[in-house]
Amino acid sequence: MKNLFSLKNKIAIVTGGSGFFGAPISTALAEAGAQVVIASRDAGKCEQFAGTIREKGFLAEGMGLDLEDENSIISFVQLVKERFGRIDILVNNAVSREGFSDLENIEKESWERAQSVNSTGLILITRSVIGVMREQGSGNIINIGSIQGAVGPNFPVYGSTGMTSPVNYTYDKWGMVGFTKWLANYYGKYNIRANCISPGGYGPGVAQLVGKEEFVENYKRLTPLGRFADDDDIKGPVVFMASDASAFITGQNLLVDGGWTSW
């Protein structure tokens, strides 16, 4: 019987692949059998993390990629194509938090700096990779969104902790969902799928933060499952969306939030 969840012989790129969300995503894809290319501006950090995956017997490699630089993007995609012969999966996970703030504190320069990664960089890396996917007649784009791209921020949940949800993040993540649906509808005829995974409540160590107890309790109380997400809660949906187990799913935004958005 075919293993629908196997990613054996698949080549997967994960942008920001050694970071907060990137680490469990990269690990999950490798554990499912994919050759994972972990990419960010810090090539050394990516290769170091790839080394920890290889030590477990899986396939991973770190490479440098600057999403603010179009030439870097083009060169990176060409290198991956030359090295591995194809690109099956692109996980757009990288995010710039440059100048994240409330609306009245936004500065034009910092806003545009973040958008050069979160908007322009997202478009350009996808443009380059999807060209390869069209040539080979198949592909899978997975965009990592957020519950902030499905509902508006619940500001009272932060209480008096000083925490907030910046306007930049909501803007970027709602745009990502729309981009996902456009990709799915336009490129479906080329056997290319596009979906978004939108986590919520994923925060390793958040529950132990001093001074944030009010937020922690509020968040858990407002989440039907009553807890934060852990690495496995992120890994499972990624493998599902990357594999043939979801072969007839495209244009969707999968909310991985313990029920936060279902109230």
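Analyst: A residue counts as buried under 20% relative accessible area, exposed over 50% and partly exposed in between, with a 1.4 Å probe and protein chains only. The model is predicted, so to speak of local features pLDDT of at least 70 is needed and side-chain atom pairs count only at pLDDT 80 or more, while totals for chains, interfaces and linings use all residues. Residues are numbered from 1 along each chain as its sequence is written, and side-chain values use heavy atoms, leaving out hydrogens and water.

User: How many salt bridges are there?

Analyst: The criterion is a side-chain nitrogen of Lys or Arg within 4 Å of a carboxyl oxygen of Asp or Glu. The count here is 11 salt bridges.

User: Which parts does the pair Glu-31 and Lys-235 tie together?

Analyst: In this salt bridge, the closest N and O atoms of Glu-31 and Lys-235 are 3.0 Å apart. Glu-31 belongs to helix α1 (residues 22–31) and Lys-235 to helix α7 (residues 231–242), so the contact ties together parts 204 residues apart in sequence. Helices are DSSP runs (H or I, at least four residues), as are strands (E, at least two), numbered from the N terminus. Glu-31 is partly exposed at 38% relative accessibility, whereas Lys-235 is buried at 15%.

User: Where do Glu-70 and Arg-127 lie?

Analyst: Their side chains meet in a salt bridge at 2.9 Å, N to O. Glu-70 lies in helix α3 (residues 70–84) and Arg-127 in helix α4 (residues 108–136), so parts 57 residues apart in sequence are tied together. Glu-70 is partly exposed at 37%, and Arg-127 is partly exposed at 43%.

User: How many residues apart are Lys-108 and Glu-112 in helix α4?

Analyst: They are four residues apart, about one turn of the helix, and their side chains form a salt bridge at 3.0 Å, N to O. Lys-108 is exposed at 61% relative accessibility; Glu-112 is partly exposed at 42%. Elsewhere, salt bridges that share partners join Arg-41, Glu-68 and Arg-113 into one network.

User: Which residues are closest to the centre of the largest pocket?

Analyst: A pocket is an open set of points on a 1 Å grid over the protein atoms alone, where a 1.4 Å probe fits, with protein on both sides within 12 Å along at least five of seven lines; lining residues have an atom within 4 Å of a point. The largest pocket is lined by 28 residues, and Gln-148, Tyr-158, Tyr-169, Tyr-202 and Phe-215 are the closest to its centre.
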